[in-house]
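This report describes a model of two chains.

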2 protein chains.
Amino acid sequence: MRMARAGLTADRVTLAGAELADEVGLEHVTMSAVARRLGVKDASLYAHVRSLEDLRGRIALLAADEKTIRIAEAIAGRAGKDALVAYANAWRKYAHDHPGRYTATQIPIQIDPELAARAPGPRRAVELTYSMLRAYALDEPDLTDAVRLMRSTLHGFTSLEAAGGFAHSRPAEDSWARCLDALHTLLERWPAHHEGDPS
Amino acid sequence: MRMARAGLTADRVTLAGAELADEVGLEHVTMSAVARRLGVKDASLYAHVRSLEDLRGRIALLAADEKTIRIAEAIAGRAGKDALVAYANAWRKYAHDHPGRYTATQIPIQIDPELAARAPGPRRAVELTYSMLRAYALDEPDLTDAVRLMRSTLHGFTSLEAAGGFAHSRPAEDSWARCLDALHTLLERWPAHHEGDPS
DNA sequence: AGGTACTATCTAGGAGTATTAGGAATTTCT
DNA sequence: AGAAATTCCTAATACTCCTAGATAGTACCT
């Protein structure tokens, strides 16, 4: 009677799911696949994870945490354009290194609120971004708009790139560098809001 | 023996799938669900569509075509910032009106090449964007970079918005308008590439 | 050491889904 | 009308998510 417990845990199950997501894509992360990878029957997973949805949510939170940490490390001690570039590159690198985890962060949020409250990732990510952009001396609400623009651009680029949205004519790498230049320039001279400017 | 054929067709199946995607989300578009909606047995669908993957690919192509048409109509007769804003708003509106179809366009492309070749959407979308941005007098490779930046920003914004990525503090609508301002300004003064600029 | 409570895992099974194969009904062509 | 092609069905397989109830392992208490 080989019983030898696997020592499962919600975190271990989540990690196995995340690894699988990176290898075969998030949509192929199934309960049975995760169970197989852990050498366990599918039913056993339900002691640690409520459902497949729940597992996906946990993977998303894990990814958010990891990505935030990577970015925080990257921008530590940097300022201005250096910080912006480090931030952006860390973002893109995470998406490349962990495609499955990254797509998990894109799913519309239906995460257990009690669980989400314990995950520092999303909240810290926002703080990090705001504090970095504060170097550009923007006041609210421009700061919020700038944060949203930056996140949109970074996410959009990595997402399109991952989906094969860029033709192979010009290396995505080069376009990426120019986009960061452009973003930096833009943030430095954020257009003033002239509503009905008469001149 | 009530037989009364449903008059299925690859296009009709695709349309049913697209409608379903908008109603319940792309991930809940299953063969059985589409069959139920059409009043038909699941197996019948395989006469028109190779597999679920294939169906998703067809939905993606349909969406690309529709979105391109909407954008083309929106920018017809406009130029400069007017055209940019019309383009962007048409993009965002399509994503809002057809969330399921829109997410279908994001899936990594594994579409039947023979089928993709007949769909004008993606190719026309690229042409459309290039011709619109030509108004900003950019030369290659800057034009390509600008196109990619614009697509990234529009896609990123709508995608984050759909995923609930923006807190409710400030209306997404307002940030969107400012982002378009910023994008326009940026395109007008696209930063010259100073590699090792000594001054 | 032995008993007890807890929990991790298993066995068994229901319901839904994707897909294939082959057959029957209906339309269309001649 | 008869033949051919198309449209749809029935039947069957295999995989998925998930629940319930049983069993084996661990930890703690005395």
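## Basis and overall fold

Two residues are in contact if their C-beta atoms, placed from the backbone, lie within 7 Å. By that criterion, residues 24 or more positions apart account for 68% of the contacts in chain A with a separation of 6 or more. The model is predicted: local features need pLDDT of at least 70 and side-chain atom pairs count only at pLDDT 80 or more, while totals for chains, interfaces and linings use all residues. Residues are numbered from 1 along each chain as its sequence is written, and chains are lettered from A and ligands numbered from 1 in the order in which they are written.

Chain A contains 10 helices and 0 strands, where helices (H or I, at least four residues) and strands (E, at least two) are DSSP runs numbered from the N terminus. The C-alpha trace of chain A spans about 85 × 40 × 35 Å along its principal axes. Of its 199 residues, 36% are buried, that is, have 20 or more other C-beta atoms within 10 Å of their own, against 12 or fewer for exposed residues and values in between for partly exposed ones, with C-beta atoms placed from the backbone.

## Helix α5

Helix α5 of chain A (residues 80-97) has 18 residues and reaches 26 Å from first to last C-alpha, close to the expected 26 Å; the expected span is 1.5 Å times one less than the number of residues. Buried residues of α5(A) include Y87(A), W91(A), R92(A) and Y94(A). In chain B, the buried residues of α5(B) include Y87(B), W91(B), R92(B) and Y94(B).

The same surface serves both copies, since 100% of the contact residues of chain B recur in chain A.

## The α9 crossing

The axes of α9(A) and α9(B), each covering residues 142-162, come within 6 Å and cross at roughly 105 degrees; axes are lines fitted to C-alpha atoms, for helices over the stretch in contact, and angles run from 0 to 180 degrees between N-to-C directions. The helices α9(A) and α9(B) are therefore roughly perpendicular, a term for angles of 65 to 115 degrees.

Residues making this contact include H155(A), G156(A) and F157(A) of α9(A) and H155(B), G156(B) and F157(B) of α9(B). The contact residues divide into 6 nonpolar, 10 polar and 2 charged, where Ala, Val, Leu, Ile, Met, Phe, Trp, Tyr, Cys and Pro count as nonpolar, Asp, Glu, Lys and Arg as charged, and the others, Gly among them, as polar.

Conventions. Parallel < 35°, antiparallel > 145°, perpendicular 65-115°, else oblique.
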